[in-house]
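Open the model in your viewer and keep the selection panel at hand. This tour goes strand by strand.

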Amino acid sequence: MASHFIAFADGRFEGEGLSFRCALGQGGVKPAADKREGDGASPLGRWPVRRVFFRPDRGAAPETDLPAIALRPTDGWCDDAGAPDYYNRLVTLPCRVSHERLWREDGLYDLFVELGYNDDPPEPGKGSAIFLHIARAGYLPTEGCVALAEADLRAVLGRLGTGSVIEIRA
């Protein structure tokens with residue numbers, strides 16, 4: 001089931017007959033060619049959905065046609081541009097290179113979708129860990145991801161499958 005959703009820079013998320021509020025990067029949106037690690041920007045473009053991750057201690061696996069992976073406390077995501085063998089990939093902690101911990105206390109990654117940005121193959125320094133995840137209270141900006149309320153994210157997941165894309169548009 002291929003679907004297409006669009007996250008607009010003005011905070012709208014639309015597609016498949018659904019419309020929600022969303023948060024994008026604190027650095028705004030920018031062309032993928034200009035995206036850099038740590039700039040806080042969301043990359044403009046169409047990004048395939050890869051897999052969905054969820055914290056099994058905080059909720060059931062989502063209803064989706066995407067591969068669903070139960071997170072473990074030892075899961076992380078490499079953001080170290082100096083580690084090309086690990087960069088922008090799932091890693092197991094402890095890990096000797098810089099990474100983001102996926103098992104978080106703030107709930108943002110209790111449920112998230114890996115977007116196919118800079119992953120085929122990853123180019124070190126072009127940005128990592130661009131996800132569709134749960135929004136902070138008040139829809140505060142992200143570090144470059146797209147964020148939705150959990151109920152809205154679950155509704156979207158019900159329509160995502162192989163070939164689906166999330167587009168980030170100005």
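Select strand 10, residues 111-115: it is mostly covered, with five of its five residues buried. Buried means under 20% relative accessible area, exposed over 50%, and partly exposed in between (1.4 Å probe, protein chains only). Strands here are DSSP runs of E with at least two residues, numbered from the N terminus. This is a predicted model, where local features need pLDDT of at least 70, side-chain atom pairs count only at pLDDT 80 or more, and totals for chains, interfaces and linings use all residues. Residues are numbered from 1 along each chain as its sequence is written, and side-chain values use heavy atoms, leaving out hydrogens and water.

Show the side chains. Leu111, Val113 and Leu115 point one way from strand 10. Phe112 and Glu114 point the other way.

Strand 5 pairs with strand 10 in the antiparallel sense over four bridges. Two strands pair if DSSP finds at least two bridges between them. Look for Phe53, opposite Phe112 in strand 10.

Pick Glu114: its bridge partner in strand 11 is Phe131.

**The 8-7-9 sheet**

Move to the open sheet of three strands, in the order 8-7-9 with antiparallel pairing. Strand 8 (90-92) and strand 9 (99-101) stand at the edges; each has a single partner strand, so one side of each is left without a neighbour in the sheet.

Select strand 7, residues 75-78. Strand 7 pairs with strand 9 in the antiparallel sense over three bridges. Finish at Cys78, which stands opposite His99 in strand 9.
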